[in-house]
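Dear colleague,

Please read them with the structure open beside you.

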Amino acid sequence: MLIRNKRGWELPDSAATSEAVFNDRRRLLKGLAAGPMLAGPILAGLGHLAPAFAADADPLAGLYPARRNARYPIDRPLTDEKFSTTYNNFYEFGPDKSISREAQALKVRPWAIKIDGLVEKPMTIDFDDLAKRMSLEERVYRHRCVEGWSMTVPWTGFPMAALVDLARPLGSARYVRMETFMDPQTAPEQRKFFYPWPYVEGLTIAEARNELSFLVTGLYGKTAPKQNGAPLRLAAPWKYGFKSIKSIVRFEFAEKRPVSYWEKLQASEYGFWANVNPEVPHPRWSQASERILGTDERRPTLMWNGYGEFVADLYKGLEKERLFA
Ligand code: MTE
């Protein structure tokens, strides 16, 4: 692992989320020499914005737009759809933000989702059947990436608690481990053996049951585009965006804490909890503020990304854990 001479967080905040992050991405591309990181040029390369991408013919199209749940008010305008659908992190399709075209190679039908591990009755369910069983709603959430940018996105989906209820975990289950598809033929980066594919993330069962945990099937009143994680992804808005795993194929209930993709790559920088906290810098840059994607605005980052009233209680008694990395 590379020993760095200069750390991103020692730079002014404005530089830490642009040049330093960008340069580190370059090093990552040179074969993990720099140690892995989530990074990328902020807004760079957005001049050629592609139009929003249409999803494949969708038997569920009639479910959109869903009724908005007004319980989660927002303090800023929605991000323009053209930004949220063309500035993406989906490393299976490439290390840059502009993977929206490449991601169209993903076939999202049929899409089998396995629910297994410590559950009463393991099952495999087709995504369309699952979505039809659930009551879809729209929620506008802030979405804060660990890299220091944020968006505000109207997601459509259903509470993750409903999936936990469907799974009926055994008393011994403490975590939900989630896994993204594995298909190196479709996703070129998965051919690189030195990354720990498939992408994995995890939540405690209490987090998964928290009312904010949302399984997303759509955005902006339509089916989710592939680059945003179709057909099913997580939105856990009080955590850094890398927890919000895309294109999920498996929910495994387990007693043991899962090790996520980023944690496997660089545990010193990316941990299990990854809750947003402006006072705890990433080892290489500040988390005090964020750039609002699609604007020139920079705002102070909010503790728990502004969702403390819903989630702070989850972490009582866990103060000794690395809750903010
Ligand atoms: N899920 C998978 N499978 N692969 C990824 O590369 N990137 C994560 C998360 N989920 C990622 C993923 C990161 S780093 C972020 S910030 C969000 O997805 C980005 O979601 P968005 O592109 O919809 O904004």
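A polar contact, as used here, is a pair of N or O atoms within 3.5 Å; within protein, one of them must be able to donate a hydrogen and the other to accept it, and residues adjacent in sequence count only if both atoms are side-chain atoms. The model is predicted, so that local features need pLDDT of at least 70 and side-chain atom pairs count only at pLDDT 80 or more, while totals for chains, interfaces and linings use all residues. Residues are numbered from 1 along each chain as its sequence is written, and side-chain values use heavy atoms, with hydrogens and water left out.

A polar side-chain atom of H143 lies 2.9 Å from an oxygen atom of the ligand. Taken alone, the ligand exposes 540 Å², of which the protein buries 100% (accessible areas come from the Shrake-Rupley method with a 1.4 Å probe; for residues, only the protein chains shown count as cover). The backbone also takes part: a backbone N or O atom of Y91 is 2.7 Å from an oxygen atom of the ligand, and a polar backbone atom of N89 is 3.3 Å from a ligand nitrogen.

Turning to the other residue, T85 is placed in the loop between helix 3 (81-84) and strand 1 (112-117) (DSSP runs, H or I of at least four residues for helices and E of at least two for strands, numbered from the N terminus). A polar atom of the T85 side chain lies 2.7 Å from the backbone oxygen of E81. T85 is buried, with a relative accessible area of 1% (buried means under 20%, exposed over 50%, partly exposed in between, with a 1.4 Å probe and protein chains only).

Best wishes
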